[in-house]
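Hello,

Here is the structure I promised to pass on. My notes follow below it.

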Amino acid sequence: MDYEALMQKALAEAEQSGEDVPVGAIVVTASGEVIGRAHNNREETKDPTGHAEIIAIREATAAIDDWRLDGCTLVVTLEPCVMCAGAIVAARIPRVVFGAWDERVGASGSLYDLLRDARLGNPVEVIAGVKEVEASAQLKSFFAARRAQDK
């Protein structure tokens, strides 16, 4: 599977985040078909669960009419947080590909490593740092603009 091409789709999705932190996610089947795509929308919806991963998982489960995403891969621009890692494990997604590390709240290898914690079930394969420079730059640009706006 071409993770860089898939991450490019997730980065494009993140561009749709508007006033929210630019995070994009896609869920793809084993054959590479995109069955879920989303960007953060917490600000727009006033919903704390409005993370790209959660919304993309919901869209993917609706697309296949099953809560189990056994053969799928989640591609996301930022390392999943604790909430999103829990949803990934619950949905039985076997592989997560992410771009930028999140040293502050990451739960996929930096601060915590819930995805690979065997006590929660089958460990999830984590492929980190795909297009990390681009994903990090997207986030840094957003926060720099936000800081400049707040002055």
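How do the residues lining the second largest pocket divide into nonpolar, polar and charged? There are six nonpolar, two polar and two charged. Keep in mind that this is a predicted model.

The second largest pocket first. Its volume is about 160 Å³. The lining runs through Asp70, Val89, Arg92, Ile93 and Pro94, then Leu120, Gly121, Asn122, Pro123 and Val124.

Now the largest pocket. Its volume comes to about 510 Å³. It is lined by 21 residues, and those closest to its centre are Val21, Leu78, Asp102, Arg104 and Val105. By class, the lining of the largest pocket holds ten nonpolar, three polar and eight charged residues. Helix H5, residues 132-150, gives the most to that lining, with five residues.

Last, a helix pair. Helix H3 covers residues 52-64 and helix H4 covers residues 82-90. They pack at an angle of about 20°, and their axes lie 9 Å apart. Angles under 35 degrees count as roughly parallel, so H3 is roughly parallel to H4. The crossing of the two helices is left-handed. On the H3 side, the contact is made by Glu53, Ile54 and Ile57. H4 brings Met83, Cys84, Ala87 and Ile88. Six residues of this contact are nonpolar, none is polar and one is charged.

Best wishes

How values were computed. Residues are numbered from 1 along each chain as its sequence is written. This is a predicted model: local features need pLDDT of at least 70, side-chain atom pairs count only at pLDDT 80 or more; totals for chains, interfaces and linings use all residues. Side-chain values use heavy atoms; hydrogens and water are left out. Axes are lines fitted to C-alpha atoms, for helices over the stretch in contact, and angles run from 0 to 180 degrees between N-to-C directions. Helices (H or I, at least four residues) and strands (E, at least two) are DSSP runs, numbered from the N terminus. Angles under 35 degrees count as roughly parallel, over 145 as roughly antiparallel, 65 to 115 as roughly perpendicular and the rest as oblique. A crossing is left-handed if the near helix is turned anticlockwise from the far one by less than a right angle, and right-handed if clockwise. Contact means heavy atoms within 4.5 Å. Ala, Val, Leu, Ile, Met, Phe, Trp, Tyr, Cys and Pro count as nonpolar, Asp, Glu, Lys and Arg as charged, and the others, Gly among them, as polar. On a 1 Å grid over the protein atoms alone, a cavity is a set of points where a 1.4 Å probe fits but cannot get out, and a pocket is an open set with protein on both sides within 12 Å along at least five of seven lines; lining residues have an atom within 4 Å of a point. Grid points are joined across faces, edges and corners, and a volume is the space filled by probe spheres set on the points.
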